[in-house]
Structures are given as structure tokens and as C-alpha cells.
Amino acid sequence: MKLNLIKDNIYYIDAPVNMGLIVNEQQEAILVDTGIDDSVARKVRRLVDENGFTLKWIIITHAHADHCGGAPYLVKNTGAKVYANALEKSILEHPILEPVYLFGGACPPQPLHNKFFLAPGVQVDGVLENGPHNVAGCELEIVDLAGHALGQIGVAAGGVLFCADAVIAPEILNKHGIPLNASIDRAVETFTLLEQRRDNYYLPAHGTLMEDIHMVVAANRRRIDDTVDYILSLLTCQRTAEELLATTCARFNVRINNLGQYYLMHLTVMAYLGHLLDQKQIATSYQDNRQYFSLTTAG
Ligand SMILES: [Zn+2]
């Protein structure tokens, strides 16, 4: 992990989850995301200190544990104030909600109580609406990047957009097979928004700094289109969500072997089914207490 200058007063920290750093004239810093745990946060703090900056503000793009788990350490050790989107604030302050929604709303079992799913809670000091903000003399824009998470935001400053998990690098896309999304409609709207933006640099949390995001957006869009087409091709006959999950994962080379991974894929497959139900391309039916999905034209 090191501090990399992007331009002017805008930096990023390369890590398993990249972080942004925006510094004002008084050398006070705004950190975008915090990494997963105290160990990452300790390194972030050291990098900020070594460069003579004072960490004053933290903006969390969304309440997934790998983006926010380091926040309590940084708040405790620097007194930084935390800002987030209103919806994500609820989860940041009640982190049990992440494994709860993964586990269908029920009390999550122990395998979902690890640092990848259950972050330590952090108090959010301020809610950021989408649009322009002046934070500590820095002109920021909070950009609605919903899709991967329902309240996901990006942070734009000085021609740099920190775009969280709105897109992932093509090589990571191939590794993940079916990227996690909570809303397919919103993810696709976010792709269109990213294609229309005119920032000089884009930094996804999982990937490298880019000057042109179009190819990466196209690869992410294609994967969603391919997944939709594949699920529709399966639904010429009626199938359960469980069958669709298994077959779709196999098609995109996903090998589920633990409970956490199962529920991440389950959430994503449900996002596709919700999208297709809302578009009335598919419908549900019920037999012997089983729920089936099939094409509306098939039945
Ligand atoms: Zn995420």
C-alpha cells in the first residue's frame, strides 16, 4: 500500500480496496473509504501522517465491510468525521443489517459473522445528498452510483471520480464471474451515467486508475447483458431460484463452496429475477409449496 498522486491535491491509496484522498490547502485530508479492518486502517493512518496530512473527514461510498471496516479505528485514533449516503448510514450504524439482508432477513448464522460480512459499526456524523458539496474548502461532487449497493455513491473532485464498486476491472470481472449487484436496473443506469461523465481519471475500488472508463463499463455492461440473456434462456421451462442460481453460476465459472459465497450469489441472482419480474419478462407460479420462475410468453 502506498500513497499515489493522481493530480494536484488528489491521491489514492492502492490496496485490495483502493481508497481516495483529497487534501485541502491546510493539508487536511478527506479519505474515501477505509479498507476492511484495523490493520488496513493503521497503514492508511501511517501514510496520511508520513505525508504531513491531517485526516479530518471520511466519506464511505457504501456499507460493504471491505469499504467501511477500517472506519472505527480511524475515527478513534484521528477524530475524523464520517459522511455517507442516508441509506448506507443505516447499515454503517447497524452493521448486522448486511448479514441480515444476505440471509433473507433472518438472524444470520456464525459463518456470516466475520469481517467480510459484519463490519464493526461506526457513527455517521453527516448525510451527503447527491450533488455538489464544499467540504473543508474542497469542491466535491457526490455521484449517485446505485446498483452494486442500493445507496452506493462516488466522490468526484478536481477531475477525478472515485467510483467505488460501480464497475470492476475486466480481469476481476472474469474472476468473479457474476459481479455482486443489488439492483440490475440501477447498475445499468450507473453504467450510462459513467459513460456520459467527463472526468479526467476514474478509480474503481477493485482495479487500476483509468483515464478512459468506456471499455471497462462496456465489459461490465456486457456481463450483465449476458447474464440476463442466459437466465432468460433457462426460463423457457419453469425453474426454482435454486436451480437458476446453480446453473447460472456454472455458466460463468463460479464455484460456490461456502455459506458466505452462496448468499452473495443468491443476492445477485435475486437481483436479476427482481429485474425480470419488474419488466414482466418472467412470472412466478407455485406448486407443492415451491416457487417457480418462467418466461411470461411461455405460460
Ligand atoms: Zn461493495
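Me: So a salt bridge is a Lys or Arg side-chain nitrogen within 4 Å of a carboxyl oxygen of Asp or Glu. How many salt bridges does a search of the whole structure find?

Reply: The search finds 10 of them. Keep in mind that this is a predicted model: local features need pLDDT of at least 70, side-chain atom pairs count only at pLDDT 80 or more, and totals for chains, interfaces and linings use all residues. Numbering runs from 1 along each chain as its sequence is written, and side-chain values use heavy atoms, with hydrogens and water left out.

Me: Which residue does Arg 221 meet in a salt bridge?

Reply: Arg 221 pairs with Glu 195, at 2.9 Å from N to O. Arg 221 sits in helix α8 (residues 214-234) and Glu 195 in helix α7, so to speak distant parts of the chain, 26 residues apart. Helices (H or I, at least four residues) and strands (E, at least two) are DSSP runs numbered from the N terminus.

Me: Is Glu 195 buried, partly exposed or exposed?

Reply: Glu 195 is partly exposed, with a relative accessibility of 23%. Buried means under 20% relative accessible area and exposed over 50%, with partly exposed in between (1.4 Å probe, protein chains only).

Me: Where do Asp 37 and Lys 115 lie?

Reply: Their side chains form a salt bridge, 2.9 Å from N to O. Asp 37 is in the loop between β4 and α1 (38-50), and Lys 115 is in the loop between α5 and β7 (126-127), so this pair ties together parts 78 residues apart in sequence. Asp 37 is buried at 17% relative accessibility, while Lys 115 is partly exposed at 38%.

Me: OK, and what is the partner of Glu 28?

Reply: Glu 28 forms a salt bridge with Lys 56, and their closest N and O atoms are 3.9 Å apart. This pair links strand β4 (residues 28-32), where Glu 28 sits, to strand β5, which holds Lys 56, and the two residues are 28 apart. Lys 56 is partly exposed, at 35% relative accessibility.

Me: Switching topic: which domains does the assignment give?

Reply: The chain is assigned domain 1 (3-223) and domain 2 (236-298), with bounds from an automatic or database domain assignment. Their centres, taken over C-alpha atoms, are 29 Å apart.

Me: Now helix α4. Which of its residues are buried?

Reply: In α4 (residues 86-93), the buried ones are Glu 88, Ile 91 and Leu 92. Looking down the axis of α4, these buried residues fall within an arc of 105°, so they line one face of the helix. The arc is that of the directions from the helix axis to the C-beta atoms.

Me: Last one: what is the phi of Ala 164, and of Asn 253?

Reply: Ala 164 has a positive phi of about 50°, although it is not a glycine. Asn 253 is not a glycine either, and its phi is positive too, near 60°.

Me: Where are they, and is Ala 164 buried or exposed?

Reply: Ala 164 lies in the loop between β11 (160-162) and α6 (170-176), and is buried at 4% relative accessible area. Asn 253 is in the loop between α9 (241-251) and α10 (259-278), and is exposed at 57%.
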